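Student: Hi, I have a new model open on my screen. Could you walk me through it?

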Amino acid sequence: MDATGLTAQEKITLFSAWGLIRKDLDVHGRNMLLLLFHKHPHYISYFDFTDDATAHSLVDNKSLYSQSIHIIKTFGSLIEYGLKDPALFNETLKKITRIHAERNVYAKDILTIGDVLLNYLAQVLGRQVSDSLPDAFRKLFVTIAGRFPVGPAPPKTEADEQGSVK
């Protein structure tokens with residue numbers, strides 16, 4: 001293993017899956033982002049989609065479409081180029097981390113996004129998904145998340161307070 005945290009076989013698994021969706025990145029990027037917002041609506045507030053004032057919904061929003069293309073291509077560059085060149089992988093992750101630090105993106109957010117992307121790939125690829133893809137994909141996202149701050153502890157709830165008093 002190298003700085004990517006992946007074995008050669010896991011890299012091949014990721015390359016193969018990526019190759020299956022690579023030709024339609026614009027569609028897949030938008031769909032992945034929409035799935036993220038469907039499953040975790042609070043992530044909409046992480047983005048600014050106000051540039052497209054004519055959009056009647058997120059599905060029609062060209063700002064979302066533009067952002068999703070950028071996200072999916074950046075992720076693709078980690079797979080296509082970064083997995084072949086660990087130094088490039090490291091530099092790309094440094095840049096991604098730096099850009100997102102000011103947006104309060106934490107490791108848990110990266111893991112959540114990774115789960116959504118993996119679910120999307122499983123839906124789209126169906127039987128073409130390798131049995132080893134989930135483990136390789138999660139391992140990649142654990143590596144990516146490891147570059148992000150852990151983040152603040154969630155606020156304690158009343159149930160937490162009652163459970164800690166004995």
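**A first look at the fold**

Tutor: Happy to! In this chain, residues 24 or more positions apart account for 71% of the contacts with a separation of 6 or more. Keep in mind that the model is predicted.

Student: Okay, and how many helices and strands does the chain have?

Tutor: There are 7 helices and 0 strands. Read from the N terminus, the elements go α-α-α-α-α-α-α.

Student: What box do the C-alpha atoms fill?

Tutor: Taken along the principal axes, the box is roughly 50 × 45 × 35 Å.

Student: And how much of the chain is buried?

Tutor: Of its 166 residues, 36% count as buried. The accessible surface of the chain is about 10000 Å², and carbon and sulfur atoms make up 56% of that.

Student: Let's zoom in. At what angle do helix 2 and helix 3 cross?

Tutor: Helix 2 covers residues 25–39 and helix 3 covers residues 62–82; their axes cross at roughly 105° and come within 8 Å. That angle makes helix 2 roughly perpendicular to helix 3, because angles of 65 to 115 degrees fall in that class.

Student: Which residues meet there?

Tutor: On the helix 2 side you have Leu25, Asp26, Gly29, Arg30, Met32, Leu33, Leu34 and Phe37. Helix 3 brings Leu64, Tyr65, Ser68, Ile69, Ile71, Ile72 and Lys73 to the contact.

Student: How does that contact split by class?

Tutor: The contact of helix 2 with helix 3 has 10 nonpolar, 2 polar and 3 charged residues.

Student: New topic: Glu80. Where is it found, and is it buried or exposed?

Tutor: Glu80 is in helix 3. Its relative accessible area is 15%, and since buried means under 20%, Glu80 counts as buried.

Student: What does the side chain of Glu80 make a polar contact with?

Tutor: With the side chain of Arg22, at 2.8 Å. Leaving aside residues up to four places away in sequence, Glu80 touches Phe15, Trp18 and Arg22.

Student: Last one, Asp131. Where does that residue sit?

Tutor: Asp131 lies in the loop between helix 5 (107–125) and helix 6 (133–145).

Student: Is Asp131 buried or exposed?

Tutor: Exposed: Asp131 has 77% relative accessibility, and the cut-off for exposed is over 50%.

Student: And how far is Asp131 from Thr13 in space?

Tutor: Their C-alpha atoms are 9.2 Å apart, while in sequence Asp131 and Thr13 are 118 residues apart.

Conventions: Residues numbered from 1 in each chain as written. Predicted model: local features only at pLDDT ≥ 70, side-chain atom pairs only at ≥ 80, totals over all residues. Heavy atoms only, no water. Axes fitted to C-alpha atoms, helices over the stretch in contact; angles between N-to-C directions. Helix = DSSP H or I, 4+ residues; strand = E, 2+ residues; numbered from the N terminus. Parallel < 35°, antiparallel > 145°, perpendicular 65-115°, else oblique. Contact = heavy atoms within 4.5 Å. Nonpolar A, V, L, I, M, F, W, Y, C, P; charged D, E, K, R; others polar. Buried < 20%, exposed > 50% of the residue type's maximum accessible area, 1.4 Å probe, protein only. Areas by Shrake-Rupley, 256 points an atom, 1.4 Å probe, with all protein chains shown as cover. Polar contact = N/O pair within 3.5 Å; in protein donor to acceptor, adjacent residues only side chain to side chain.
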